[in-house]
Amino acid sequence: MVSSITVTALRSCSTTIAVNPLEMRHNRSKIGSTPDSVAAALAVWVTFPSVLLDLKTPLSVYAVMESIDTELAARIRQDILLGSYSEGERLSEAQLCETHDVSRTPIRLALRLLEREGVIRRRKGRGYMVQSPTVEDIVQAVEVRGHLESLAARLMAQESNRLNYLPKMQRAMEKLDASINELTRIGRLNDYVTRQAQTANKEFHSTILASCGNDYVNYTCQQISHLPMLAVGSMVFDRSVDDTPDQFERGIFRLRLGNAQHQVICEAIEDGDPVRAEGMMREHSHTMIEYIQTFEKRDKSLTVADLVAFSGADSLPPTA
Ligand SMILES: [Zn+2]
């Protein structure tokens, strides 16, 4: 499954990720048959879900931003999402200390963080157990994010200072347009260009979340952003669009449709039309769920690890 999909932004990170050799070694040993490039990609995504994909920033910069317990939590979360532990499996603190070569204190802090995320749960007198999210959990979280983003669009349309942020949204749409034009010119998927598209999409969405006037909307989005496909501005790319010219055309069409929806949202906000802004954002956000459903139809045994690979972004049809 993962082989037909690529995690674009992250794949090309393999050189920068080398700044963290410990993590690379760990990922290789855990992921096993997963190609190193994808393993590296997944490592970056899971470690930095909310800042992901800004590949111009050296990873070392991100690394110093993260504390040891946050980084440990990212590693353990990654192992859980990739299926290295079975559901309900007990997490041994001693074993985790040995695996990650750290003391108990940061491991305990990391486990508390993961408990708050709902990735593990505490059992009375028995330590922590794995509670890995399912594909259905991801779908539910995407639904929640869709409502939060719709709410943000509605609130922003009612903000008196909304016009100040429109140029930023306009620039993001122009960048996305330029990326789509470039893909059309190339005639096939291209990692660098799709990464640019993803960055532009993130700029558009994060501007609305940050400018809606209600900090809890953005904050709540961040609380679920550690899950695959839940980072703000996440896009899904399906390699299969490269199979035939027809599929590629359809992929390009979806990209253009997504950016046309951005335009409608932007205009509704400019006009101070909260109902239209909210409705269009809801439709725009729902695309992600349609993609997951499409992937499920194609592969009945779709796993969260597959979704991690999809959400890393590469190739065509984006969503949200
Ligand atoms: Zn979008």
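**Close-up views of a predicted model**

**View 1. Packing of helix α8 against helix α13.** Helix α13 (residues 274-298) packs with α8 at an angle of about 165°, and their axes are 7 Å apart. Axes here are lines fitted to C-alpha atoms, for helices over the stretch in contact, and angles run from 0 to 180 degrees between N-to-C directions. Helices (H or I, at least four residues) and strands (E, at least two) are DSSP runs, numbered from the N terminus. The two helices, α8 and α13, are therefore roughly antiparallel to each other; angles under 35 degrees count as roughly parallel, over 145 as roughly antiparallel, 65 to 115 as roughly perpendicular and the rest as oblique. The crossing in which α8 passes α13 is right-handed. A crossing is left-handed if the near helix is turned anticlockwise from the far one by less than a right angle, and right-handed if clockwise. In the contact of α8 with α13, the residues divide into 13 nonpolar, five polar and seven charged (Ala, Val, Leu, Ile, Met, Phe, Trp, Tyr, Cys and Pro count as nonpolar, Asp, Glu, Lys and Arg as charged, and the others, Gly among them, as polar).

**Basis of the views.** The model is predicted, so local features need pLDDT of at least 70 and side-chain atom pairs count only at pLDDT 80 or more, while totals for chains, interfaces and linings use all residues. Residues are numbered from 1 along each chain as its sequence is written. The protein chain holds 14 helices and three strands.

**View 2. Packing of helix α8 against helix α11.** The axes of α8 (residues 135-158) and α11 come within 10 Å and cross at roughly 160°. That angle makes α8 roughly antiparallel to α11. Here α8 passes α11 in a left-handed crossing. On α8, R145, L148, L151 and A152 meet V217, T220 and C221 of α11; two residues are in contact if their C-beta atoms, placed from the backbone, lie within 7 Å. The residues of this contact of α8 with α11 divide into five nonpolar, one polar and one charged.

**View 3. The loop around G213.** G213 belongs to the loop between α10 (191-211) and α11 (215-223). With 14 other C-beta atoms within 10 Å, G213 is partly exposed (buried means 20 or more other C-beta atoms within 10 Å of a residue's own, exposed 12 or fewer, and partly exposed in between, with C-beta atoms placed from the backbone). Not counting residues up to four places away in sequence, G213 touches L155 and E159. Q158 is 55 residues from G213 in sequence and 9.2 Å from G213 in space, C-alpha to C-alpha.

**View 4. The three-stranded sheet.** Three strands form an open sheet in the order β1-β3-β2, with antiparallel pairing; two strands pair if DSSP finds at least two bridges between them. The strands β1 (90-91) and β2 (120-123) stand at the edges, each with a single partner strand, so one side of each is left without a neighbour in the sheet. Two bridges join β1 to β3 (residues 127-130), and L91 stands opposite Y128 in β3. The antiparallel pairing of β2 with β3 extends over four bridges, with R122 opposite Y128.

View 5. The hairpin of β2 and β3 has three residues between the strands, and G125 takes a positive phi near 70°. Helix α7 (residues 104-117) lies across β1, β2 and β3, running at about 105° to β2.
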